[in-house]
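Here are my notes for your reading. Please keep the sequence and the 3D view open and check each point against them.

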Amino acid sequence: MNNGVVTKQTKYAIAAVGILSFLGILVETSLNVAFPTLTEEFNVTLGTMQWATSGYLLMVTIVMSTTGHLVKKHKTQHLFRIAVLFCITGAVLCAAAISFPMLMVGRLIQAVSTGLATPLMFHIILSLVPQSQLGLYMGIGSMVTSFAPALGPTYGGFFTSFLSWRIIFVLTIPIILVSVWLGGKHIRLEAVGTKQRFDWIGLIILSWVFVSLNIAFSNAGNNGFYHSSFFGVLFIFIIGLIALFIHFRFSERKILNFSLLLRPIIGLRWLNFFILQFINIGVSFVLPILAQDYLLKFRTPNSVDNP
């Protein structure tokens with residue numbers, strides 16, 4: 001640390017948690033290209049099946065909001081073990097799923113793992129990497145979360161087309177075991193310690209806001225933006241948003257410190273990041289469905305035989 005040297009133990013610790021984060025994002029983007037197959041196999045609509053992605057991302061977001069408190073309260077090794085347990089359990093459930101509810105439960109369990117692993121990776125980097133190399137390792141951590149979405153559609157499309165969509169989950173298990181071996185030996189970061197109690201009320205209201213907003217736009221996608229189901233749930237979202245504002249304004253315990261977003265340099269960056277992520281995740285969902293379900297219908301018989 002003092003000499004600006006990153007030890008092998010720190011590198012392996014970052015790699016162990018980075019693997020879990022990478023797999024979580026990889027599988028999330030891999031499933032997008034498997035949706036047409038999954039809707040037929042489980043006999044559900046595309047609007048229902050998309051919850052395998054949107055529900056997963058919601059759970060990731062909710063779990064991530066708790067990690068600021070968790071890393072202060074618990075050892076990183078303990079949180080890593082929990083993330084591994086959830087990752088393996090979710091992968092097994094998804095690979096063996098015989099119904100959409102079983103697949104959905106597996107995805108939500110995996111989301112807990114990703115929601116823990118991604119902040120843990122950056123926590124280890126910020127805690128153990130010297131200032132002189134902090135930019136390099138933050139870039140590497142960001143590259144992990146960026147490369148997975150780029151590889152995901154190819155990974156998922158290959159196995160869905162030539163083998164089975166279940167292989168998407170099966171092949172992650174041996175990689176998770178590599179992460180277990182690395183993390184079990186090299187993650188040794190102690191908890192900072194805090195006497196502050198966890199903000200359960202804030203977590204509940206925050207979940208209310210996220211879930212209601214997602215349901216509102218899901219209803220709009222199924223029934224249109226002028227349907228009463230959209231406006232009804234949107235009203236519930238607005239009520240939750242007001243409740244969240246009141247809670248953060250007057251409560252001493254806050255699950256998130258939104259006052260940081262009022263700083264100009266941070267405010268502009270998070271807005272930019274939100275817009276880019278919104279576009280990226282939306283396009284990664286829409287394009288595979290468009291290509292598989294609609295563009296394929298416009299191919300001529302000759303093009304099918306001679307692509």
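Which residues line the largest cavity? Keep this question in mind; point 3 answers it. The model is a predicted one.

1. Overall make-up. The protein has 14 helices and 0 strands. Read along the sequence, the pattern is α-α-α-α-α-α-α-α-α-α-α-α-α-α. Of the 307 residues in the protein, 41% are buried. Take the contacts between residues at least 6 apart in sequence: 79% of them join residues at least 24 apart.

2. Rolling a probe the size of a water molecule over the atoms shows where empty space is left. For this protein the count is 1 cavity of 30 Å³ or more. The largest cavity holds about 70 Å³ of space.

3. Cavity lining. The largest cavity is lined by L23, G24, V27, Y56, C87, R107, Q110, S113, T114, T172 and I176. The elements that give two or more residues to this lining are α1, α7 (100–128) and α10 (172–186). Helix α7 gives the most, with 4 residues. By class, the lining residues divide into 5 nonpolar, 5 polar and 1 charged.

4. Helix α1 against helix α8. Two packed helices are described by the angle between their axes and the distance between the axes. Here the pair is α1 (residues 8–32) and α8 (residues 134–162), whose axes come within 8 Å and cross at roughly 35°. The crossing of α1 past α8 is right-handed. On the α1 side, the contact is made by K11, I14, G18, S21, F22, I25, L26, T29 and S30. On the α8 side, the residues are Y137, V144, T145, F147, A148, P149, L151, G152, P153, Y155 and G156. Sorted by class, this contact has 12 nonpolar, 7 polar and 1 charged residues.

5. A loop residue. Where is T66 found? T66 is in the loop between α4 (51–64) and α5 (67–73). Is T66 buried or exposed? The relative accessible area of T66 is 9%, which is under 20%, so T66 counts as buried.

6. Apart in sequence, and in space. T66 and W200 are 134 residues apart in sequence. From C-alpha to C-alpha, T66 and W200 are 9.6 Å apart in space.

Methods. Residues numbered from 1 in each chain as written. Predicted model: local features only at pLDDT ≥ 70, side-chain atom pairs only at ≥ 80, totals over all residues. Heavy atoms only, no water. Axes fitted to C-alpha atoms, helices over the stretch in contact; angles between N-to-C directions. Left-handed = near helix turned anticlockwise from the far one by under 90°. Contact = heavy atoms within 4.5 Å. Nonpolar A, V, L, I, M, F, W, Y, C, P; charged D, E, K, R; others polar. 1 Å grid on protein atoms, 1.4 Å probe; cavity = no way out; pocket = protein on both sides within 12 Å on 5 of 7 lines; lining within 4 Å. Points joined across faces, edges and corners; volume = space filled by probe spheres on them. Buried < 20%, exposed > 50% of the residue type's maximum accessible area, 1.4 Å probe, protein only.
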